[in-house]
Each structure stands twice: as C-alpha cells, then as structure tokens.
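Hello,

Here is the structure I said I would pass on. My notes on it follow below.

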2 protein chains.
Amino acid sequence: MKSSPNWKRKKGLRTWMNKDQIQAFEGRISRADRILIISHIRPDGDAVGSLIGLGLILEELGKEVNLVLEDGVPRVFHHLTGFEKVIREAVGIYDLVIVVDCSDIDRIGSVLDEYGEPDVNIDHHPTNTQFAQLNMVRDNAVATVEIIYDLVQALSLPVTLPIAEALLTGLLTDSLGFRTSNSSPRTLRIAAELQEMGANLQVLYRKAMLEKSLEAVKYWGQGLSRIQMENRLVWTSLNLEDRKAADYPGRDDADLINVLSRIRETDICLVLIEQTNGSVKVSWRAQPGFDVSKVATHFGGGGHKPAAGAEIRGDLARVQEEVLEETRKALSGTE
Amino acid sequence: MKSSPNWKRKKGLRTWMNKDQIQAFEGRISRADRILIISHIRPDGDAVGSLIGLGLILEELGKEVNLVLEDGVPRVFHHLTGFEKVIREAVGIYDLVIVVDCSDIDRIGSVLDEYGEPDVNIDHHPTNTQFAQLNMVRDNAVATVEIIYDLVQALSLPVTLPIAEALLTGLLTDSLGFRTSNSSPRTLRIAAELQEMGANLQVLYRKAMLEKSLEAVKYWGQGLSRIQMENRLVWTSLNLEDRKAADYPGRDDADLINVLSRIRETDICLVLIEQTNGSVKVSWRAQPGFDVSKVATHFGGGGHKPAAGAEIRGDLARVQEEVLEETRKALSGTE
C-alpha cells in the first residue's frame, strides 16, 4: 500500500517563549517568598483557572501565595480544589506581584491601589497594555492557562491533580469547549496531557459550562417561545414579569443569546432584557462576515465583531424598535 | 527550580491493532477492485464519518467504491465533501464488503439481503457480534473513526482534507464534543492531527452539533416554559398542538432532553412527546449513579443507564402519570 500523507505532522509540544523571559520569570520566583497573584473583576474560567493553577504551582515550590479576586470565585467554579484559598483583598507586604489574564491594569479593580506596579503580567489578550515590568503576553494562545502551561513545560514545574483541573478549566471555558477559531491543535494536546494527569474533562465541562439552574432554563423557555425572525435576523425579549415568573435572580439573559445563535437560518441574533432601573440590556451575536460591535458602540456599548452588548436607557418597546432599526443596517452591510 | 512531574507522559500516538489484523486488512484491500462500504440505519455522525472517510481513502488508493446508507445522509452532514457519493442500495457485484460502525448485522437494514456475509467489520460498540470474516473491533475507541485512524497510521494511508473532515466529524459527534467519559487523550490528539490536516473544528462542530432550525428552537421554548420539578426529577411534555404552533416537522423532541439534562439540581429528567398515532414517545437522561434503562425496559423500550427511551400506547396524561410513577422508583433506587 502506498504511503502518501499530504501534510506535515508536528511532533510534541513546543514552548513559545524566549529564554530571556523564562529566565527572568524563574529568577523573580526564586527570589520571592511571599507572592500575590491577581486576576480580573467578573472573573471567567480562564481568570480563575490561571489564578488557582499558578497559585498552587508556586505553593508546591514552597512559596507563601495569596490569591485575590475582588469579586470572588463564581459559583460554577466552586468544585475546583483551591477555590477556597481565593480572598478578595491583598493583605500585607509581597515580594512579587503577578497579574494573570488581564489586558489592562484597570480590570483588576482596586486590589493594587495601595501597592505599586505589578512585577509580572501573564496574558493572552491582543489588547494587552504591557503594564508590568515583565510582560509574558502571547496573543495566539487560546487562554492564559495555555501560557502558564508553557512555563510548566519550560521550567518542569510541578503539576498536581488540582493544578491540572484548574488549567483544564481555563482551556475549556475560553475555547468554548475547543471550538473557538483560535483553539489550536496545541490546545487539544495540552488538554490531552492534563487529562493524563487525571483531570476529568467530562466533569469539568459539565460543571463549568453546561449546568444551569432550573430558573435559568425556565427563563430561556419564555424567551424561546416568543422568538421572532425577519430575514436572517432573529430576536427575542424578556421583561420584568418573565424574570419574576421564572424566579430568575440575575439581571442577564442566562446565556439565552447562545441558544439563539444556534439557529441555522440566522446571521445576526439579539436578546433584549428589561432592567428594573428603566434601561434595557442588549446582547448581539453575529456569524462570520457580520459585525455587531458597531451597532453596540452606536448605543454606547462595545464588544467584538461576533459578540457585543450594550445597556440602553428607555422602555423595552422603544429600545427594541431602535435596536432592530440599527441592527438591520449591520445585516445589510449599510453601516 | 526543581523538576517534579508526578505523572507519566505518553509520547505520540500508538495504534492498538495486532499485526495479523492489519496485514489481513491490507491483503483484502489490495486484492479488491470494487468495494462496498455500508453503515447503519438512522445514521449518526460516526456512521457517516466512517463511511465517507474510509470510502475516500480507498478511492485515493484507486479503488472503485460504493458507499451505501439505506436511510441516506442526514441533512446536518450535507456540508461534508463526499456525502453526494452515498447511495441507498448496493448495485452489482463487489470483491469486498466492509461494514462500519454497526454492532449487529441487522442494523444495516436490508442492504446485504442479496449478498453474503460481510468480509470486514470495523466497529467500536462493546456489544458487537463479530459478524464478519475479519472483525476489527475495539470497544475502548470513542468512535469507529478512531479505529479507521488506527488503520491510517498503521498503513500510512492517504488523508485528504475531505477525509480529515469526515473523520473529525465522527470523533466530535460520538464524543459529544470530547466530553463523553470514553473520550480519551488519544481522541484529543487525533483531533489535533486532523486539525493540522486542515479540518476546521469550529465549523464542523457548529454544522453537525449546534445548528437548529428556528422551528426546533421554538419547540424547545414551549417545552422549557412548562418544565416541572419534584425532588431531583425534572420533566416536561409536548403535545400535538405545540408541534403545530412551532411548525416543527419531526416526531422527536428536537434534543430538548439534552437541555433538561443540563439543569444543576436534577438526577433524572424526561420528556414526553405526544404522537399522532395515539402513543407517547419518552426520553430519559440520568446522572452517574442512576439507571433509567430499567424504566425504559419496563415500558417496552431500551437504552443505557444514562440515556434511554420508549414509545408507549395511551394518551399523554395517563402515560405521564405512569412514567413518573416508575421513574420515581429509579430515582429512589427501589427498582
């Protein structure tokens, strides 16, 4: 049988970082006894996973580590061993301050207000402002945990099961289960290695990404049963009575927008949520080739081409009319 | 910095098959000019992916190949190059008959009624009945495409982009996006290699697993807005009027059961769907530690511990009452 593979297979996992950065990081760690690690407000799985993952690694190396999130750890990550170590304020004096998964120093809240410039900045956002002395930023990484895994490999750092679980959680959540366009073969291979260290991908996936409260699912149902479509635009709205009827405690759409974005016949979808303060929260999603960030910006919000949001003053009916009018322009490409 | 990795890393991808089987397969292929490949009725992504993937590989080797699915290729796989080659009946004489992803010869429908025993059986189901002359069955593979990839590696078979896309589709769908308990590090590494061959994981994921029709999503909404809970049991039902109101053409629940199984507070969930023929279709899902296959069997259906189904004669209200009664036993472990 003839052999004719028409691709080049890449063997193994290579690290990306230059030796100077790795040595600088190693030097700073080895000289420090008391280390502060911080991540951003409204933390997601990559913020929590990077924070706990790196924190536990440094503890394994014998360091005293404080992990700080101004908003604490969201409920969906309370199964991670190490979440109980996370506090809300920095305490005392540190030899080393590391910020993970923050594009901008403002995103950590007020944690560093009485401290100086951070020493180390580990992040994957393309918009990172290089705010620290040592900036370990790689914007083609799917998640900050991927960069922390670079350090694990380059420096043969210890990885226990709780560390593997924290890192895999960051990979899974920021890649939406390995399906964002920047999720790479390397992402999958790192996940395979973390699985081999014992991390249960199935359980971590369910806990961090699938589980919903009964209230959230009822709330979805109300939004879905009232869905509307016009050309390739799909939308729905939820008012304050819906929220009360479903007993849903949040102010958000409980990820309803992601259910709408699964509809085959749609290019742009949006959800409008009436708020108690007389405004309406709007979330947009767009298929490749469309840009909803401009519409969100028009209403004082922001975001990216495929996903954006805004909070708009006014009553639901009027805001919906205005938002649909602007969104039709994005759909037809006239704006 | 000390090096203390506490796991064993496995390098590379190893094939599982013994040399005799590989040689036997190679021999049969090399002697054949006209090859028939078949998979099962009501084909899923692994059936379609195995069929098209192996078919295109053998065509690359210069063989004349017929691909047969009695039920044709479902719409969600029509983006796969090669789907247009799939026909519904075997035609003429073949040197070699290969059955993929079938545990049992009955599952192929009547395609082989005028032909003899199949030559080769490639499958991953634990219940495979070893019905062919050469049985290449590995039940720890997450999908049949994983076994076909074993052959690719062992025999250095050609893999073009359409082949990589077909194989990745089988991996993704049978592993539910890499999150079934039998999805292994090897599964992730194979996916990484297929990505490197150009297969777009994000697009394949969306097409085969996420996209829904507007009608299906509306139908979901009706089921979700009417959801009920009792202890850790969650259920809902859909009647014929709901189907009409949503304009939903199918007889199934449009995967509503998988939305219900995401509810955090539930151990068992079920959906009841009224049918036009005076019966009710029921689907169950259970969290680990619970067994819904017994309840389904009680009502003449079947399935596995975590997922089962049945079609039950009777009107919706009465069937619902009886089904809930039996399901409560499964929840309390008294059956």
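**Helix α1 of chain A**

The buried residues of α1 in chain A are A:Q21, A:I22, A:F25, A:G27 and A:I29. Please keep in mind that this is a predicted model. The helix covers residues 19-31, 13 residues in total, and its first and last C-alpha atoms lie 18 Å apart, close to the 18 Å expected at 1.5 Å a residue. An α-helix has 3.6 residues a turn, so residues three or four places apart point the same way. The cover over the buried residues of α1(A) includes the strands β1 (34-38), β4 (96-100), β5 (120-123) and β6 (134-137), together with the helices α2 (45-60) and α3 (144-155), of chain A.

**The parallel sheet in chain B**

Chain B has an open sheet of 6 strands in the order β3-β2-β1-β4-β5-β6, with parallel pairing. Its edge strands are β3 (86-87) and β6 (134-137), each of which pairs on one side only. Helix α1 (residues 19-31) of chain B packs on this sheet, where it touches β1 (34-38), β4 (96-100), β5 (120-123) and β6, and its direction makes about 125° with that of β6(B). Helix α2 (residues 45-60) of chain B lies across β1, β2, β3, β4 and β5, running at about 170° to β2(B).

Strand β2 (residues 64-68) of chain B pairs with β3(B) in the parallel sense over 2 bridges, and B:L67 has B:V86 as its bridge partner in β3(B). Between β1(B) and β2(B) there are 5 bridges, again in the parallel sense; here B:I37 stands opposite B:L67.

How many residues of β1(B) are buried? The count is 5 of its 5 residues.

**The mixed sheet in chain A**

Chain A contains an open sheet of 6 strands with mixed pairing, in the order β7-β8-β9-β10-β12-β11. The edges are β7 (228-230) and β11 (302-303); each has a single partner strand, so one side of each is left without a neighbour in the sheet. Strands β8 (residues 233-238) and β9 (residues 268-274) of chain A run parallel and are joined by 6 bridges. A:S237 has A:L272 as its bridge partner in β9(A). Helix α11 (residues 316-332) of chain A packs on the sheet and touches β7, β8, β9, β10 (279-286) and β12 (307-313), its direction making about 165° with that of β9(A).

**Two residues with positive phi**

Most residues other than glycine have a negative phi, and most peptide bonds are trans. A:D101 is not a glycine, yet has a positive phi of about 60°. A:D101 sits in the loop between β4 and β5 of chain A. Is A:D101 buried or exposed? Its relative accessibility is 0%, so A:D101 counts as buried.

A:D247 also has a positive phi, of about 65°, without being a glycine. The loop that holds A:D247 lies between α8 (240-246) and α9 (256-260) of chain A. A:D247 is exposed, because its relative accessible area is 56%.

**Where the chains meet**

In the contact between the chains, 66 residues of chain A meet 66 residues of chain B. The area buried between them is about 6300 Å², and carbon and sulfur atoms give 57% of that. There are 4 salt bridges between chain A and chain B. One of them joins the side chains of A:E196 and B:R189, at 3.0 Å from N to O.

Regards

Note on methods:
Residues numbered from 1 in each chain as written. Chains lettered and ligands numbered in written order. Predicted model: local features only at pLDDT ≥ 70, side-chain atom pairs only at ≥ 80, totals over all residues. Heavy atoms only, no water. Helix = DSSP H or I, 4+ residues; strand = E, 2+ residues; numbered from the N terminus. Expected span 1.5 Å × (residues − 1). Buried < 20%, exposed > 50% of the residue type's maximum accessible area, 1.4 Å probe, protein only. Contact = heavy atoms within 4.5 Å. Pairing = 2+ DSSP bridges. Axes fitted to C-alpha atoms, helices over the stretch in contact; angles between N-to-C directions. Buried area = accessible area lost by both parts, 1.4 Å probe.
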